[in-house]
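Have a look at the structure first.

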Amino acid sequence: MQRYSLYVTLNLIDKEINIKERREKNNWGVVLMTLRTYIIRRVIVIIPTLIFISMVIFSLIHLAPGDPLYAMVGRHPIHPDTLEMIRREFGLDQPVYVQYVIWLSKVVRGDLGFSYVGNRPVTAMITEKIPATLELMLVAESIALVIAVTLGVIAAVKHHSLTDAVCSVGALIGYSAPNFWISLIAMMVFAGWLKVLPIGGMGSHRTFNTPLDALVDHLRHLVLPASILVIGWTAYLFRMVRSSMLDVLRQDYITTARAKGLKERVVIYKHALRNALLPVITYEGYSIGFLLSGAAVVETIFSWPGLGRFMVEIAGNRNYPVLMGLSMIIAVMVLTANLGADLAYAIVDPRIRYD
């Protein structure tokens, strides 16, 4: 009888475990289905958003004073008939709305047109610059995120201490100082006086004995421009992490966790930090715009051949196709980063569900 009862009990336990496993699998299936539905909805919303952005970009560029044809030919004398022929060739004789429809139809097919200067494909010109900017941004973003989160947590935990005061003052200086001013100071100190780092470019124009020597030379050229971006973005993220951590540490569930006897390290890094990172994730989605705006200054000063310097160069000659193509690519990058930030919420905070 006892054996029979034990057998029945074991069967019941086994059935409960199987039911629980099936429920967990079903829950994961529901989460994945809901997440997929959310992604589809967001992608559908992105399409009209991009169309609206394209209309704004196209209108603003064409409303700017001046004629791109004169920027193309420069100061060289040209016959009016030749000028009109060039205008018809590039479709500039059409009404603005017709030019927009033609341009948008090509963009949908992946054709960003041809540059007015050099008659090169816009896609090829932009593709050449993307790797340099991505490298600069990813390095600066990764370093800034690690430093900002670490110092932000320490400053929040040691609130009103000397460490908190020093970090806060340093962040205020780094956030307030203009990128071009810090860049010029860094060039004078490290490249001019100390002569330990090169001034600009991605590498030295010479032959290296080994690939390792070439890599080291490239990293030496990367130090100054990446450091300038790290200073500004670290200061911005530090203030965000510190403020968010201070708010979370005052919550009741943190007091309850401490009252249960949990270790302070567990309370800080397992319970408080995950919730404090939600605002950081939000602004990480906007980091592309911030870093690109800073990269435009930094890349120009340090002759870094990326998108920021490229945008500054083409802005002066009214090269419509390149300006519009580059603006659309940046818009796609920002919207994609925002979508990634939304999806990261569910990973950091399990309370968030996309249903």
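## The largest pocket

Keep in mind that this is a predicted model. Its largest pocket holds about 410 Å³ of space. The lining takes in 18 residues, and those nearest the centre are Phe90, Gly91, Lys106, Tyr116 and Pro321.

## A greasy patch outside

Over on the surface there's a nonpolar patch, with about 1,000 Å² of accessible area together, made up of Phe180, Trp181, Leu184, Ile185, Met188, Phe190, Trp193, Leu194, Val196 and Val297. Helix 7 (residues 179-193) provides the largest share of the patch, seven residues.

One of the patch members, Val196, sits in the loop between helix 7 and helix 8 (211-249). Val196 counts as partly exposed because its relative accessibility is 43%.

## Two positive phi values

Lys195 belongs to that loop between helix 7 and helix 8 too. Its phi is near 55 degrees, which is positive for a residue other than glycine. With 64% relative accessibility, Lys195 counts as exposed.

Ser303, also not a glycine, has a positive phi of about 55 degrees. You'll find Ser303 in the loop between helix 11 (287-301) and helix 12 (307-315), and at 33% relative accessibility it counts as partly exposed.

Notes:
Residues numbered from 1 in each chain as written. Predicted model: local features only at pLDDT ≥ 70, side-chain atom pairs only at ≥ 80, totals over all residues. Heavy atoms only, no water. 1 Å grid on protein atoms, 1.4 Å probe; cavity = no way out; pocket = protein on both sides within 12 Å on 5 of 7 lines; lining within 4 Å. Points joined across faces, edges and corners; volume = space filled by probe spheres on them. Patch = residues over 30% accessible without salt bridge, like charges linked within 9 Å, V, L, I, M, F, W, Y side chains within 5 Å. Areas by Shrake-Rupley, 256 points an atom, 1.4 Å probe, with all protein chains shown as cover. Salt bridge = Lys/Arg side-chain N within 4 Å of Asp/Glu carboxyl O. Helix = DSSP H or I, 4+ residues; strand = E, 2+ residues; numbered from the N terminus. Buried < 20%, exposed > 50% of the residue type's maximum accessible area, 1.4 Å probe, protein only.
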